[in-house]
Amino acid sequence: MLSLLKRYREVVLVVVLAVIPLGVFLAHARHPSDRTALDRFVLTVTSPVEKAIDWTVSGALSTWQGYVWLRGAQDRAVALSRRVNELRAENAELSQLKAENERLERLLAFARSKPEHRTVGARIIGTRMDPKGLQLVTIDRGADDGVRRMMPVVTADGVLGRVHTLGGRSADVLLISDRNSSIAVRVERSRARANVRGQGAPGPCRLEYALRSDDLIEGDQLVTSGTDGVFPRGLPVGQVTRVKRGGFGLYQAADVLPAVDVNRAEEVAVLVSTEVPGGLPAARAPEP
Amino acid sequence: MTPLLRVPAAMLAALLLLALSASVTSQLTGGAVSLALAVPVIVWLSLETPVVEGAIGAALVGVLLDAAAGGPGGLLTFLSVMILLVVRAGAGPFDARSRLGFALLCGTATFLMGFGAILLTRYVTPASAAPGWGLLGRVLVESLLTAAAAPAIRWALDRVLVPAHRDQPGILP
């Protein structure tokens, strides 16, 4: 027997090399519930080896694909780079649209929160903000759209200014920061009255005519009082940042940070009809 | 080259050819057809090495094929050893070392391997999930393409692996 085995050992080896993989295959193929103890033993023994071989072969194939077979890789890289640039541009455009949408939503919410005012939406199409002179922006709505002189112009954050000069399809808005702008306000907390005047430059405005005896502290919110015949009451104007109370005099002064950043405003609403308490006209245009 | 080096070298060659066939087929045909460039290595081992060395080499190439195919382990290993035996048995009547003979053997071996894989998988798989015989058309195309590429692979293997001297064809040494 031994001599027979010795004589045919090579044949035996070849048969073993064929039969073992077939056994492994059949053990794999059987449904788990039908597996015998031998099947489970075979799978237990061969699984780690198979995993190691799989890991090696897949690693070798990925190395080949990633480092050796790079045919067409440059073309793909160029095409992908171009696509990335397109997507970046598209993304920037979408971001702008999203931001604009958010601003418009806020403006719409502001307009809806004040049903007593009829508004006309407008977009700022030009600016003239001389650091030491006129503070104007141009909007794309004018007399043809029902806009009139002295009408209040607001954003969702609060007062931006009032209509100054009119064209058919556009209008200039005198900003809150202009020296000629003076808005009657109230301190929201203490209801004290005062005026907010621009200083001729984008940035802080000045609180005037606040009685020395009035309760005014830093951080106080200012809203329109509705007593100037231009702005209806209750629109946010700004926040008191620094109170200056001298040793004498009737009034105290303060710096006011406007509620609207005039440099960043893009979409605005013109209040074309307002119901001012006391039956005053909504917008009283002075004689030119 | 000693048998100790020839078998690992054959494995490396098979791995390289596996990677090459995957790249070529996916790039040129988008995976519509496949190539079995590792099968000529098994045929070459059948023709140019002693039976034990060839069987070990064929089994190891089969292990690589199993790993690359991702199917149940053992199927292609078994078929590789069977292909080796069939080629050794069938190569006697004609000049298998000629280009045409080698290409014919590689084409036939590829077809038999595909056919055997379908047959065995159908045998162990439930009828609803079993591969259809329609795959034989794909196997036939794969065999023809592999046969076409076989002479070039043989040329390379002859130079890299260096054939052992074997006088008699057949299964028994």
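Guide: What follows is a conversation about the terms that describe this structure.

Guide: This is a predicted model, in which local features need pLDDT of at least 70 and side-chain atom pairs count only at pLDDT 80 or more, while totals for chains, interfaces and linings use all residues. Residues are numbered from 1 along each chain as its sequence is written, and chains are lettered from A and ligands numbered from 1 in the order in which they are written.

Visitor: Why are H2(B) and H5(B) called oblique to each other?

Guide: Helix H2 (residues 39–48) and helix H5 (residues 99–124) of chain B have axes that come within 9 Å and cross at roughly 120°. The axes are lines fitted to C-alpha atoms, for helices over the stretch in contact, and angles run from 0 to 180 degrees between N-to-C directions. Angles under 35 degrees count as roughly parallel, over 145 as roughly antiparallel, 65 to 115 as roughly perpendicular and the rest as oblique. The crossing at roughly 120° falls in the rest, and H2(B) and H5(B) are therefore oblique.

Visitor: Which residues make the contact of H2(B) with H5(B), and what makes a residue nonpolar?

Guide: From H2(B) come B:Val39, B:Pro40, B:Ile42 and B:Val43, and from H5(B) come B:Phe102, B:Leu105, B:Cys106, B:Ala109, B:Thr110 and B:Met113, where two residues are in contact if their C-beta atoms, placed from the backbone, lie within 7 Å. Ala, Val, Leu, Ile, Met, Phe, Trp, Tyr, Cys and Pro count as nonpolar, Asp, Glu, Lys and Arg as charged, and the others, Gly among them, as polar. By these classes, the contact has nine nonpolar residues, one polar residue and no charged ones.

Visitor: How many residues does each chain give to the contact between chain B and chain A, and which helix of chain B supplies the largest share?

Guide: Chain B gives 27 residues and chain A gives 25 residues. On the side of chain B that touches chain A, helix H1 (3–29), helix H3 (51–69) and helix H4 (75–90) each supply at least two residues, and the largest share, 10 residues, comes from H3(B). The residues of that side divide into 21 nonpolar, six polar and no charged.

Visitor: How do you know that E1(A) and E12(A) pair?

Guide: Two strands pair if DSSP finds at least two bridges between them, and six bridges join E1(A) to E12(A), which run antiparallel. Within this pair, A:Arg123 stands opposite A:Glu267 in E12(A). E1(A) also pairs in the antiparallel sense with strand E2 (residues 135–139) of chain A over five bridges, where A:Arg128 has A:Leu136 as its bridge partner, and a hairpin of five residues joins E1(A) to E2(A).

Visitor: In what order do the strands of the closed barrels run?

Guide: One closed barrel of six strands in chain A runs E1-E2-E5-E4-E3-E12 with antiparallel pairing, and the twist averages 45° from one strand to the next. Six strands also close into a barrel in the order E6-E7-E8-E11-E10-E9 in chain A, again with antiparallel pairing, and neighbouring strands of this sheet are turned by 40° against each other on average, direction ignored. In this second order, E8(A) and strand E11 (residues 251–258) pair over five bridges, and A:Arg206 has A:Asp255 as its bridge partner.

Visitor: Why is A:Arg191 called exposed, whereas A:Tyr209 counts as partly exposed?

Guide: A residue is buried if 20 or more other C-beta atoms, placed from the backbone, lie within 10 Å of its own, exposed if 12 or fewer, and partly exposed in between. A:Arg191 has 11 other C-beta atoms within 10 Å and is therefore exposed, while A:Tyr209, with 17 C-beta neighbours inside 10 Å, is therefore partly exposed. A:Arg191 is found in the loop between strand E6 (182–187) and E7 of chain A and has a positive phi of about 65° although it is not a glycine. A:Tyr209 is found in strand E8 of chain A, and its positive phi is about 55° although A:Tyr209 is not a glycine.

Note on methods:
Helices (H or I, at least four residues) and strands (E, at least two) are DSSP runs, numbered from the N terminus.
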